[in-house]
Amino acid sequence: MFRKSIKLGVAATRRNIFSREDAIRHKNIILQRLSAENIDCADLESLNEDGLLYDITFCDAAAEHFIKEKIDALFIPHCNFGCEEAVSNLAKRLGVPVLLWGPRDNAPLENGQRLRDSQCGLFATGKVLLRMNVPFTYIANTWIDGDEWVGGVKNFIGAVSVVKAMKSLKIGQIGTRPRDFFSVICNEGELIEKFGIQVIPMSLADFCEEAKKLIAEPERLKIGVNELKAKLNMDFPEEEIRKLAAIKKVMADWAEENSLSAIAIQCWNALQDILGVMPCAVNACLSEEGLPVVCETDINGAVSAVIAQAAGGYEKPVFFADITVRHSENDNAELLWHCGPFPPSLRKKGTEANVLRHSVLPSKCPGVCDWELEHGEVTVVRFDGIGGKYSLLAANGKGVDGPVTRGTYLWTEFADWEALERKIVCGPYIHHVAGIYGNIIPVLEEALRYIPGLEADFVK
């Protein structure tokens, strides 16, 4: 629903003194491999008869072509030594993330002639890119028929996805932060000044008024009610399910109208006083559909969720968790928990997607979820800052067995929990993290090359 695709510009290059025929052959193999991997590419086949950038005179035409194609990143495969002047000037002009790689060179011919010297050209281009202050990602010089470079390209595309998400990031804010959550304070001015992140507010009064209008027209909510019933087990009156469907539609429509990347909502207690439901199940379903919705109006938490989702290539939804308590028996395991905003598709196999009434808040309103997440490798992410300095915390863990608890949860084991705990407490982070399945730290490492002002703080 909210996925952002990536288009990769491919500027394959050669140098005249090496084999033209072998360079063209390698270029064709590269384009075929990218196509087979369903990577959306714009090439230079129309630039000249070679489809290769081998002279500075082609630079303007190549730049205009890629600008017209609206590429998000530039891939520069060196099909032989290449033309560092042309590709570096192209990269500088386009101002997009750059990937540098070349296929490993074959042994010299029997007569001692070398056809390509691709590796040598990579050394030259890397130096010129640095000289021109062009940040780039490098994949080690590998065989063209191997999988290492394809994996590297996909890793790079994930990084570009994060960069693209940050450039157009808009967080919808519904309501103010709860007074009890002093820790979620953010600096809205700094976010837009440093990263271009915009916060789009909607008062809780306006939000609830829109929801009430829908609740009064049951026909408009029929589809939404049926979708919730099909996905979740809800043993409470139809009227309350209709309220949840109304909340979901208001958030989804608002996000689409304003091109929002995520939403941070004041999920308690005023919403319960006005509408009589918890939004947790709605948050879970929207997060599953690709629109992360985070709790307690945590703007930086919403940014964290967008970064994690983009780094994962939008293939899996994110979950937004409290870092809550240590495992009673496993010193390196911690409880990732919340009242229910974890996408139902992530729940442990064989368990039910149960939506209940809140067991802690006095209102006992319906709408909280109750399931354990599937075990597996996860990455937790937190974007945050203090005093004008921002960093990105990320750590890998894996789901493990632990005591049953209420709400949505995952007991997660880390390599060194105490080291991670110290980072969280000593800042600039808080107890909220975005979680996603898989190891996205390599993607985040590359992404941060292209996001000035955001420092890496990774625990592997």
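Are phenylalanine 319 and tyrosine 437 buried or exposed? Select both residues: each is buried, that is, under 20% relative accessible area, with exposed meaning over 50% and partly exposed in between (1.4 Å probe, protein chains only).

The model is predicted, with local features requiring pLDDT of at least 70 and side-chain atom pairs pLDDT 80 or more, while totals for chains, interfaces and linings use all residues. Residues are numbered from 1 along each chain as its sequence is written, and side-chain values use heavy atoms, without hydrogens and water.

Across the whole structure, 11 aromatic pairs are found (Phe, Tyr or six-membered Trp ring centres within 6.5 Å; planes under 30 degrees apart are stacked, over 60 edge-to-face, the rest tilted). Phenylalanine 319 and tyrosine 437 form a tilted one, with 6.2 Å between centres and 55° between planes. This pair joins strand β11 (residues 319-326) to strand β18 (residues 432-437), its members lying 118 residues apart; strands are DSSP runs of E, at least two residues, numbered from the N terminus.

Next, select Phe75, Trp101 and Trp149, which make up one aromatic cluster.

Move to arginine 14, whose charged end sits over the ring of tyrosine 54, 4.1 Å from the ring centre (the criterion is NZ of Lys or CZ of Arg within 6 Å of the centre and within 35 degrees of the ring normal).

Finally, select threonine 412 in strand β17 (residues 408-414). Threonine 412 counts as buried because its relative accessibility is 0%. A polar atom of its side chain lies 3.2 Å from the backbone oxygen of leucine 410. Beyond four places in sequence, the contacts of threonine 412 include Asn332, Val378 and Gly397 (heavy atoms within 4.5 Å).

Definitions and conventions. Helix = DSSP H or I, 4+ residues; strand = E, 2+ residues; numbered from the N terminus. Polar contact = N/O pair within 3.5 Å; in protein donor to acceptor, adjacent residues only side chain to side chain.
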